[in-house]
Amino acid sequence: MTARADHLHFDLTTLPQAARYKLVTGIVVPRPIAWVSTLDAAGHVNLAPYSFFNIMGSDPPVVAFAPGDRAPGIPKDTARNIPSGGDFTVNLVSRDLAETMNATATDFPAELGEPEHVGIALEPGVTVATPRVQGSPAALECREVQTVRIGNTRIILGEVLGVSIRADAVLDAGKQYVDTAALDLIGRMGGRGGYATTRDAFTIDRLTYAQWQERDGGEGR
C-alpha cells in the first residue's frame with residue numbers, strides 16, 4: 001500500500017485473494033444479484049445467488065456472471081450444470097425475497113436441491129428448460145455462448161432469449177415500459193452481509209451537445 005496525495009493505492013498483484021475480494025467488493029457497489037437456476041444431468045434444480053453479475057449488451061442482450069471455482073479447476077454446481085450452449089435462468093431478487101435468496105447461498109451438498117430444501121416454488125421456463133423462481137419479479141432465460149476462465153475466475157456469458165416480468169410492473173407492454181421501482185430489487189454492498197435497496201433513486205437527464213453548450217456556454221474551452 002502506498003499513499004498518493006489524498007488516496008491510498010493498493011497493488012492487487014501483491015495481495016492475497018481475500019484481501020483483493022474485500023477491496024473490490026467494497027467499492028464496486030451496488031452489484032445486482034443473479035439468482036441463477038440450473039438443471040443438473042438428473043434434472044434436479046440448483047439455485048444459487050451471485051453478485052458478480054450484470055447485463056453487458058442489448059444486441060443481442062448478453063448477461064455475464066462469475067460463479068468462480070469451488071477450488072482450483074473445480075467448478076461450482078452452477079457452472080458444472082451449464083455446459084457449452086446450455087441454458088440457465090437469472091432470477092432477480094426483490095427485497096421480500098432477500099432472506100430466502102440468502103438461504104440458498106448455504107453450501108448444501110450437491111444432491112440437495114435448494115428449491116425443495118428451502119421451500120421455493122418454481123415455474124416452468126418458457127424458452128428454456130430451466131425453471132424460474134415463481135416469486136421473482138423478473139427472470140431472464142439465457143443460453144450460454146461462452147465461458148471465460150482467468151485463473152480461478154470463471155465468467156459465464158449468456159444470451160438472453162426471453163424475459164418474464166411481473167405483470168403489475170409492466171406499464172405498457174406494447175412500448176416495453178417497465179416500472180422498475182415496482183420490482184423493488186436489491187443489490188450487494190460491501191462486507192459479508194451488506195445489501196442495498198433500489199428505492200432511493202434519482203433521475204438525471206442526458207444532455208445533447210447542443211444542450212450542454214446552451215447550459216454551460218462551452219466554458220473551459
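Buried here means under 20% relative accessible area, exposed means over 50%, and partly exposed is in between, with a 1.4 Å probe and protein chains only. By that scale Tyr 209 is partly exposed, at a relative accessible area of 48%.

Before going on, what we have is a predicted model, where local features need pLDDT of at least 70, side-chain atom pairs count only at pLDDT 80 or more, and totals for chains, interfaces and linings use all residues. Residues are numbered from 1 along each chain as its sequence is written, and side-chain values use heavy atoms, with hydrogens and water left out.

I'll stay with Tyr 209. Its ring forms a stacked aromatic pair with Trp 212, at 5.9 Å centre to centre and 15° between the planes. The rule is that rings of Phe, Tyr and Trp (its six-membered ring) pair if their centres lie within 6.5 Å; planes under 30 degrees apart count as stacked, over 60 as edge-to-face, and the rest as tilted. Both residues lie in helix 6 (residues 209-216), 3 residues apart, about one turn of the helix. Helices (H or I, at least four residues) and strands (E, at least two) are DSSP runs, numbered from the N terminus. Trp 212 is partly exposed as well, at 24% relative accessibility.

The count of aromatic pairs comes to 4. Another of them is Tyr 21 with Phe 52, a tilted pair with 6.2 Å between centres and 50° between planes. This one links distant parts of the chain: Tyr 21 is in helix 1 (residues 17-27), Phe 52 is in the loop between strand 5 and strand 6 (53-58), and they are 31 residues apart. Tyr 21 is partly exposed at 35%, and Phe 52 is partly exposed at 38%. Ring pairs also link Tyr 50, Phe 65 and Phe 88 into a cluster.

Next, the core. A nonpolar core is a set of buried Ala, Val, Leu, Ile, Met, Phe, Trp, Tyr and Cys residues joined through side-chain atoms within 4.5 Å. Which residues have the most contacts inside the largest one? They are Phe 65, Phe 88 and Val 90, in a core of 20 residues. At least two residues each come from strand 4 (34-39), strand 5 (45-50), strand 7 (61-65), strand 10 (87-91), strand 13 (138-150) and strand 14 (153-165). Strand 13 gives the most, 3 residues. Leaving aside neighbours within four places in sequence, Val 90 is in contact (heavy atoms within 4.5 Å) with residues including Trp 35, Phe 53, Leu 140 and Cys 142. There is a second, separate core of 10 residues, and Val 93, Ala 98, Met 101 and Ile 186 are among them.

Now the strands. Two strands pair if DSSP finds at least two bridges between them. Strand 10 and strand 13 pair antiparallel over 5 bridges, with Thr 89 opposite Glu 141 in strand 13. Strand 13 also runs antiparallel to strand 14, joined by 12 bridges, and Glu 144 stands opposite Gly 158 of strand 14. The hairpin of strands 13 and 14 has 2 residues between the strands, and Gly 151 there takes a positive phi near 60°.

Elsewhere there is an open sheet of 3 strands, order 3-17-18, with antiparallel pairing. Strand 3 (31-32) and strand 18 (195-197) are at the edges with a single partner strand each, so one side of each has no neighbour in the sheet. Strand 3 pairs with strand 17 (residues 186-188) over 2 bridges, and Pro 32 has Gly 187 as its bridge partner in strand 17.

Last, the charges. A salt bridge is a side-chain nitrogen of Lys or Arg within 4 Å of a carboxyl oxygen of Asp or Glu, and the structure holds 9. In one of these, Arg 149 meets Asp 69 at 3.5 Å, N to O. Arg 149 is in strand 13 and Asp 69 in strand 8 (residues 69-71), 80 residues apart. Is each end buried or exposed, or something in between? Arg 149 is partly exposed at 47%, whereas Asp 69 is buried at 12%.

Arg 199 and Asp 184 form another salt bridge, at 2.9 Å, N to O. Arg 199 lies in the loop between strand 18 and helix 6, and Asp 184 in the loop between helix 5 (180-183) and strand 17, so the pair ties together parts 15 residues apart in sequence. Arg 199 is exposed at 57%, and Asp 184 is buried at 18%. Finally, Arg 70, Asp 77, Arg 80 and Asp 107 are linked in a network of salt bridges.
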